[in-house]
Amino acid sequence: MSIVHDYPLELLSRICAHIYSACLPPVETSLDPLIITEHGVPVSLPSTLPPSYWPEQDSRHTLSSLCLVNHAWYEAAKPWLWRKLEVRLPRSWLSLVDEIAWDLEEETVDQVMEKTVKAATDAALRSASSSFVVNKDAEKELHATVIDSIALPEESVPLELLSPVASREPSPRRFRTKSKSPARWELVRTISDAIQTVLDSKSPGFYVPIPRDPRPGRFVQHLDFNHFRTIGMRRSVDDGANSRFVTGDRVEAILKEMPNLTVFGATEYMDGALTLPVLNELLLRGAPSRGRGRPSRGRAFINVSDPEEEDRERRRECVELEALDFTGCVSAVFVNALTEFVTTNLLPSFEDISERDVLHRFATSSLDDMLFLPGLQRLGLRGVKSVLPHILTPFVLAFPSLTHLDLSGTRASSELLAALGQSPTVRLQSLALSRCIRLTSAGIRSFLIDSPVTSNLTELNLYGDMTFVSPLEEHDLKDILSLAPCFIQGNLVYLDLSSAPLTQDVLDVCQPLQKLRSLGMSHVPDLPLKVVSTFILSKAPHVEVLALVGTTPELDCGLRPGNTGPVAQRGTVRQSCVALHSRLINPLCTPPFSFSLLNPDSRKSQAPTSLRVVELSQVMLGGLGGGAGSWRIVRSKGGRGWYVDTSSGWVSQLGEGTCLRRDLGLDHPLRRELQALADANGNVSSGVGWHARKMEVLHGRGMLGREDGLYGAVSFAYQG
């Protein structure tokens, strides 16, 4: 350990970086829930066992332990420990605000400036001295010079208004701070620049250490409220309305102290704090801080007495957001704030504007007249159903660098898709348009076939159910499956066409999808099971997860619209279970029989397809009981459930690489873990499930990403 103490700080920081990255989900996933038990290190990906990444608490515990070793490890591990923040409990949120935000009542701007200048000058002179001894006279001289370069110039006061010299006391020095409540990191940077300028004038090339800032806000790059809850705290209705934990002022205060924030996630439990100042802090960072109608290059004249100009200058130095998730945010505060943000920054300055006027403005305005937000690449708006189309359209079109877009359950219109399809810069990789009631079949067809924006799609979610049926018509669906570039290229790994008019003729024209791993075909009641089996066998043999809720007459258990009575008959349930195994599972998941007398130890034949998980309706799952063979029922925390082959999974072994095995023994760790999920009978975390309904936006893993918390419940637990 003594040798490790001699390592440079850069190497220690690199070690901490690997510890932090160990908990990040990989790009290539196994589609299975995370196994948290220890089973070694995977040799390649995808891998379910050993798990392909650490649980987050293991990485955080390791980093926090390193902070206690010595000062060097503390300095190396602290930035990575604060890099990602997930707000979970109300009291921890208040502690977080106290740690990051700057309370000007406890410590004024002048006090912070004085302390920071003193510490910075001392560190600069120590680094220049070979004996690390500071000359007090030189320190005082440098301190006075730096203070003079930062202090405000004295104002001219008539002599007759001054008191006699003997009775005058020296007034306290005032500093040139750009704002009455500046960000702490901004002050530190100002002091560092001032010291560098002073020392460069005396000895060019002099190294100046960055002044130490005890506040950790500058390290934070990820902030989300996915796990935040106030349920179970026995708070009254009045407390919930008037004594909120997450308020707009508190969120704005910590955002000001996070110049490097790139990822932000909100939920319906705190959307009342998404006020206009908070949206400005999130969206108007970096280049967009100039606002509409300002020069995109260079700096305009700054009025130091205008707080808005000062905030704009501060946000100019911040990093732009890359991912933003507003899943489920429907409060009036958020909707009004977003409406005001769009009206102020994106729309023309006249009332009663229609969506057609918005599209015309985006088509005719010059770049300098419009406000674009080029940094954002991933946007999640699932369930933001209260935002009107003429507000939603310009908001989405303001992001020219999108790669992931989730508009499920919103008022997105075909006009929005048409305008987005004309973008010369947007190139989507993941797109979710489930349950969008304003979309038309022709609009979706044109967007997927004629636009280069969707040519590189790898994930497409067009989910619909019996409440919000897919708007696709059969002839348009035929054209999409046969002519759309994303289908022709065959790069789709996730596809959901639930409630679409799927027939044998439609599936026959579909291009082969050799990379497809997760397929949704739910709520298609008239599609024969034989057609589904033939399609997977011939055109999508690598599908591992198949959703068949309410699909095919063979699996309806007698609950069809023409039948009377709310309860399924015993005979029909038994017939549906037999049909599932005989017409789907056995033909697709069972290896062909082979036997050799000459070589009885020869390797067994592989199954025709990779299918190992089938999502079914609750009635069907109830009829299956305890399952058959190695197939077991795994239920989510909500209303969804899957029929899972516990003897199949991605296993990574040294010397053999990673493969999808179908012959796991009864004592295999992965089979025991899957069996434990089945025995839990729904008493599992919200992150357990397959075939997500929500796009994973924060890390950029798309529809194959895995989430827990409220996001996980939306992905795997909710029926809709």
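A contact here means heavy atoms within 4.5 Å. In the protein chain, residues 24 or more positions apart account for 74% of the contacts with a separation of 6 or more. This is a predicted model: local features need pLDDT of at least 70, side-chain atom pairs count only at pLDDT 80 or more, and totals for chains, interfaces and linings use all residues. Residues are numbered from 1 along each chain as its sequence is written, and side-chain values use heavy atoms, with hydrogens and water left out.

**Overall make-up**

The protein chain holds 25 helices and 16 strands. These are DSSP runs, numbered from the N terminus: helices are H or I with at least four residues, strands E with at least two. Of the 720 residues, 51% count as buried. Buried means under 20% relative accessible area, exposed over 50%, and partly exposed in between (1.4 Å probe, protein chains only).

**Aromatic pairs**

The structure holds eight aromatic pairs. Rings of Phe, Tyr and Trp (its six-membered ring) pair if their centres lie within 6.5 Å; planes under 30 degrees apart count as stacked, over 60 as edge-to-face and the rest as tilted. Two of the pairs are tabulated.

| Pair | Centre distance | Plane angle | Class |
|---|---|---|---|
| Trp 631 and Tyr 643 | 5.4 Å | 35° | tilted |
| Trp 642 and Trp 690 | 5.7 Å | 65° | edge-to-face |

Trp 631 lies in strand S13 (residues 631-635) and Tyr 643 in strand S14 (residues 641-645), so their pair ties together parts twelve residues apart in sequence. Trp 631 is buried at 6% relative accessible area. Tyr 643 is buried at 0%. Trp 642 also lies in strand S14, while Trp 690 sits in the loop between helix H24 (669-680) and helix H25 (709-717), so this pair ties together parts 48 residues apart in sequence. Trp 642 is buried at 0% relative accessibility. Trp 690 is buried at 0% relative accessibility. Elsewhere, ring pairs link Trp 93, Phe 225, Phe 228 and Phe 264 into a cluster.

**A hairpin**

Strand S15 (residues 649-653) is mostly covered, with four of its five residues buried. It runs antiparallel to strand S16 (residues 657-661), joined by five bridges. Strands pair if DSSP finds at least two bridges between them. Val 651 stands opposite Cys 659 in S16. Three residues separate S15 and S16 in this hairpin, and Gly 655 in the turn has a positive phi of about 90°.

**A buried serine**

Ser 430 belongs to strand S7 (residues 430-432). Its relative accessible area is 0%, so Ser 430 is buried.
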